Amino acid sequence: MAENYTDPSGNTEAFRAFSQTPEAAASTEAPSRLPLIVGAVVVVLVVAVVAWFALS
């Protein structure tokens, strides 16, 4: 009977080459928080303008 199971850890060199690619290193960087900060500032400004119009 032929053995059809291939051990995924059998080719360590290929796994190391895959895990050390620039794409894998780039995915560990934190995403930019700039859109979140800009969105929060816009929300605060809109609330302030609405409150200013409501009180005047």
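## Helix H3

Helix H3 has 22 residues in this predicted model. From first C-alpha to last, H3 reaches 32 Å, close to the 32 Å expected at 1.5 Å a residue. The expected span is 1.5 Å times one less than the number of residues. The number of buried residues in H3 is 0, so the helix lies largely in the open. Buried means under 20% relative accessible area, exposed over 50%, and partly exposed in between (1.4 Å probe, protein chains only).

## Basis of the model

Residues are numbered from 1 along each chain as its sequence is written.

## Fold and confidence

The protein has 3 helices and 0 strands. Its elements run α-α-α from the N terminus on. Helices (H or I, at least four residues) and strands (E, at least two) are DSSP runs, numbered from the N terminus.

Mean pLDDT, the predictor's confidence in each residue from 0 to 100, is 79 for the protein. A value of 70 or more is reached by 70% of the residues. Among the elements, helix H2 (residues 22-26) has the lowest mean, 56. Helix H3 (residues 34-55) has the highest, 95.

## Surface

Of the 56 residues, 0% count as buried. The accessible surface comes to about 5600 Å². Carbon and sulfur atoms hold 68% of that surface. Areas come from the Shrake-Rupley method with a 1.4 Å probe; for residues, only the protein chains shown count as cover.

Leu34, Val38, Val42, Val46 and Val50 make a nonpolar surface patch of about 440 Å². Val38 is found in helix H3. Val38 is partly exposed, with a relative accessible area of 44%. An α-helix has 3.6 residues a turn, so residues three or four places apart point the same way.

## Aromatic pair

Ring centres must lie within 6.5 Å to pair; planes under 30 degrees apart count as stacked, over 60 as edge-to-face and the rest as tilted (rings of Phe, Tyr and Trp, its six-membered ring). The count is 1 aromatic pair. Trp52 and Phe53 form this tilted pair, 5.2 Å centre to centre with 55° between the planes. Both Trp52 and Phe53 are exposed.

Notes:
This is a predicted model: local features need pLDDT of at least 70, side-chain atom pairs count only at pLDDT 80 or more; totals for chains, interfaces and linings use all residues. Side-chain values use heavy atoms; hydrogens and water are left out. Patches are made of residues with over 30% relative accessible area and no salt bridge: like charges are joined within 9 Å, nonpolar side chains (Val, Leu, Ile, Met, Phe, Trp, Tyr) within 5 Å. A salt bridge is a side-chain nitrogen of Lys or Arg within 4 Å of a carboxyl oxygen of Asp or Glu.
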